[in-house]
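Q: Could you walk me through a few local features of this one? I'd like to start with the loops and then jump around a bit.

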Amino acid sequence: MSIGSQRNDNIEKFQIILQSLIQFATLLFFKIFFTLKIEGGEEVLKELIEARKKDKGLLFAPNHISEWDAIIVRCALPIKAFAFPLYYVAMTKDHYQYEKFGWRRYFYGGNLFKVLGAYPAYLGMRDYHASLVNHIELLEYGKSVCIFPEGKISVDTSKPGEAKGGIGFLAEYTQTDIVPVTLKGFERLSWVKGIFGKKPVVTVVYHQVLRISNILETAKKQGVAEGIETNKFVSNFIMDIVRKA
């Protein structure tokens, strides 16, 4: 059974409520122990409203430096943005069954992630359509999706991970515009410093929305081959903006 046929208004309302509660708790935590700076949130809200009028969503593309990233991309948006639930690209449950995830491996992936709006990408398919079938459907239903172009956490920002072609494929295939998001300071967070010293600064920057049609036109003018090469071009185009902020 497809995501679209499973999802109904009641499920989505539950996700909105759950994501709103998570936002409240997360923002409270960061306001107590950190100095949270947010840029560009109001502009993204306007874009979400305009996209909704066209039965479209947006693709959120943040850098990946911590396990907080997926939560904070959602929570740093203005409260009115919670009328638009955000869905995520996650890994299958098997991906999280390692000691490095500690107790979290019992909760990461599977049905819990789906309740929170995170649906798995299927690795090893050698086919973006097959790997991201869940997220194609979400975008075609006019939902917004968060995907990390780097795929995995890249704590060493001096050596960022390679941008994968997944977001480029999703954007082109569904003709969805993109919000690059720069996250700073979330790696190796220490709330203890917020109690006994100066509060660490963490920053979320929502950049101006990129029109996929414009990026594809740029790729064409530069002679980039269609298909995977264009997918990667789009991904790298996005990440260049994210990393320069």
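**Loops, a strand and some rings**

A: Starting with the loops, Q175 lies in the one between α8 (166-174) and β6 (178-184), and please keep in mind throughout that this is a predicted model.

Q: What is phi of Q175 near?
A: Phi of Q175 is near 55°, which is a positive value in a residue other than glycine.

Q: And is Q175 buried, exposed or partly exposed?
A: Q175 counts as partly exposed, because its relative accessibility is 40% and the exposed class begins only over 50%.

Q: Which loop holds D55?
A: D55 lies in the loop between α3 (41-53) and β2 (59-62), and phi of D55 is near 55°, again a positive value in a residue other than glycine.

Q: Buried or exposed, that D55?
A: D55 has a relative accessibility of 60%, so D55 counts as exposed.

Q: Switching to strands, how many residues of β3 are buried?
A: Five of the five residues in β3 (residues 86-90) are buried, so the strand is mostly covered.

Q: Which way do the side chains of β3 point?
A: L86, Y88 and A90 point one way from β3, while Y87 and V89 point the other way, and all of them are buried. In a regular strand, side chains alternate between the two faces of the sheet.

Q: Which strands does β3 pair with, and in what sense?
A: β3 pairs with β5 (residues 144-146) in the parallel sense over three bridges, and three bridges also join β3 to β4 (residues 118-120), with those two strands running parallel.

Q: Are F30 and F34 buried or exposed?
A: F30 is buried, with a relative accessible area of 0%, and F34 is buried as well, with a relative accessible area of 2%.

Q: Which residues form the aromatic cluster with them?
A: F30 and F34 form one aromatic cluster together with F29, F33, W68 and F186.

Q: Last one, what lies over the face of F82?
A: That is R74, which lies over the face of F82 at 3.9 Å from the ring centre.

Technical notes
Residues are numbered from 1 along each chain as its sequence is written. This is a predicted model: local features need pLDDT of at least 70, side-chain atom pairs count only at pLDDT 80 or more; totals for chains, interfaces and linings use all residues. Side-chain values use heavy atoms; hydrogens and water are left out. Buried means under 20% relative accessible area, exposed over 50%, partly exposed in between (1.4 Å probe, protein chains only). Rings of Phe, Tyr and Trp (its six-membered ring) pair if their centres lie within 6.5 Å; planes under 30 degrees apart count as stacked, over 60 as edge-to-face and the rest as tilted. A charge sits over a ring if NZ of Lys or CZ of Arg is within 6 Å of the ring centre and within 35 degrees of the ring normal. Helices (H or I, at least four residues) and strands (E, at least two) are DSSP runs, numbered from the N terminus. Two strands pair if DSSP finds at least two bridges between them.
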